Amino acid sequence: MKVLKTLNNAATYAGRRLVAQQHRKFINRHATELFHAPSGEDRYQVALYFADAMVNAYQIRQWYEPLKQLAKRVPVVIITRLPESALALREECAIPVHYAPTIEDVEKLVNSQDLRVVFYVNQNIRNFQMMRFNAPDHVFISHGESEKAYMWSNQLKAYDYVFSAGQAARDRLGLHLRNFDAGHRTRLIGRPQIDVDYLAPYSINHSLPTVLYAPTWEGDRPSMNYGSLLSHGEGLIDALIKDGGFNIIFRPHPRSGINSAQYGQAVERVRDKLNSANSTATGRLLFDDTTHWGWQWVQSDICITDISAVAYDFLATGKPMFVTTPVSEEATISDSPALSKVPSLAAAQSADSPALIRSALLEENAGFKEVVEYYFGDVAKGASMQRFIDESLNLVNGHAEVSHFPGRRAA
């Protein structure tokens, strides 16, 4: 046993040495691009902290354009902790990326800059390494609006502020979080992503209605099992292909199949169905795995999705949609004004989806305007983006320059 333990320790040590050597090579190769810290008036005042791998990059990508707009007013940087993420983000994002693999590197950056606001898009455990610094305002901006239990996690208390989409989110936090002043600690910004002009990467047959089917993933626990691909999706896609009167954009969640091989296999079966039928179809049948999310809203006439952020993004367009009913009895479903106004789609209705879609496209839903305002506020062109910028600058301008040593707080 002692010999085995010694060998295991040696293997672990050797592995760590190899990783360390590769890490040093990476640092030497890319130091100029990824460790640049400006001085003087160009010092960063706003950061978005992303400690995750690129499998979760969908969470940050939707904030590229709002950050670009904010960067026209104040210097902005993305802080990342993983080498692969640092390189990938540098290639695809116009915002400067700073690679800080150790907490010492984070501290050097913070103490050399004038950071006043730090944004977070998820609840990565490494967020707390950044949140040890008292001076900046730590602001959770999330990666979408939804009724998932994630949206009222008790972890939100750790942040100074939460940038919420609208009054619905503020009410949700006030209802579910104890000892949390939702009125003071939430700032309502709408959904700035709806104000971005997205370039579609595909052509669509505009003589036919376009259906966006965007199921969420299978979740990582029973209470988060909202994904409809196995229960609704394949039957829905089969019915739409057989009907032949629609363009289809099928966009699975980027994490589909992470926890369930069966769910991932269903994604591939739908991909095969669409690719096989596309060559002879009148409409365009697309399997969408593009990196950016947004152009699909513009191209689609109707959306079918699950209880997820997609439903709320599409809700802001005012176009008709269906939200699937989870088949899992353990999935957490809250009372939702949005879901009470949006038609639901049960698994048994999947085969009838073409007729249901045509009917929905002809109906006027007077309740949509009211519920959109409750969830997003003013959705007139440019209104959400302006609120995001205004609320960000309010926090930036509310700080005088201070020391960022942990334990010191801005006055």
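Me: Which residue in strand 12 does Cys303 stand opposite?

Reply: This is a predicted model, in which local features need pLDDT of at least 70 and side-chain atom pairs count only at pLDDT 80 or more, while totals for chains, interfaces and linings use all residues. Residues are numbered from 1 along each chain as its sequence is written, and side-chain values use heavy atoms, with hydrogens and water left out. Strand 11 and strand 12 (residues 321-324) pair in the parallel sense over three bridges, where strands are DSSP E runs of at least two residues, helices are H or I runs of at least four, both numbered from the N terminus, and pairing requires at least two DSSP bridges between two strands. Across this pairing, the residue opposite Cys303 is Met321.

Me: In what order do the six strands of the open sheet lie?

Reply: The pairing throughout this sheet is parallel, and its edge strands, each pairing on one side only, are strand 10 (285-287) and strand 13 (344-345). Further in, strand 8 (residues 210-214) pairs with strand 11 over four bridges, and strand 8 also pairs with strand 9 over four bridges. The strand order is 10-9-8-11-12-13.

Me: What angle does the direction of helix 10 make with that of strand 10?

Reply: Strand 9 (residues 247-250) is joined to strand 10 by three bridges, and Phe250 stands opposite Phe287 there. Helix 10 (residues 261-278) packs on the sheet and touches both strands, contact being heavy atoms within 4.5 Å. Axes are lines fitted to C-alpha atoms, for helices over the stretch in contact, and angles run from 0 to 180 degrees between N-to-C directions; for helix 10 and strand 10 the angle is about 145 degrees.

Me: How far is Arg271 from the ring centre of Phe287?

Reply: A charge sits over a ring if NZ of Lys or CZ of Arg is within 6 Å of the ring centre and within 35 degrees of the ring normal. Arg271 lies over the face of Phe287, and its distance from the ring centre is 3.9 Å.

Me: Why does the pair of Tyr120 and Tyr159 tie together parts apart in sequence, and by how many residues?

Reply: Rings of Phe, Tyr and Trp (its six-membered ring) pair if their centres lie within 6.5 Å, with planes under 30 degrees apart counted as stacked, over 60 as edge-to-face and the rest as tilted. Tyr120 and Tyr159 form a tilted pair, 5.3 Å centre to centre with 55 degrees between the planes. Tyr120 is buried at a relative accessible area of 0%, and Tyr159 is buried at 2%. Because Tyr120 lies in strand 4 (residues 117-120) and Tyr159 in the loop between strand 5 (137-140) and strand 6 (161-164), the parts they tie together are apart in sequence by 39 residues.

Methods. Buried < 20%, exposed > 50% of the residue type's maximum accessible area, 1.4 Å probe, protein only.
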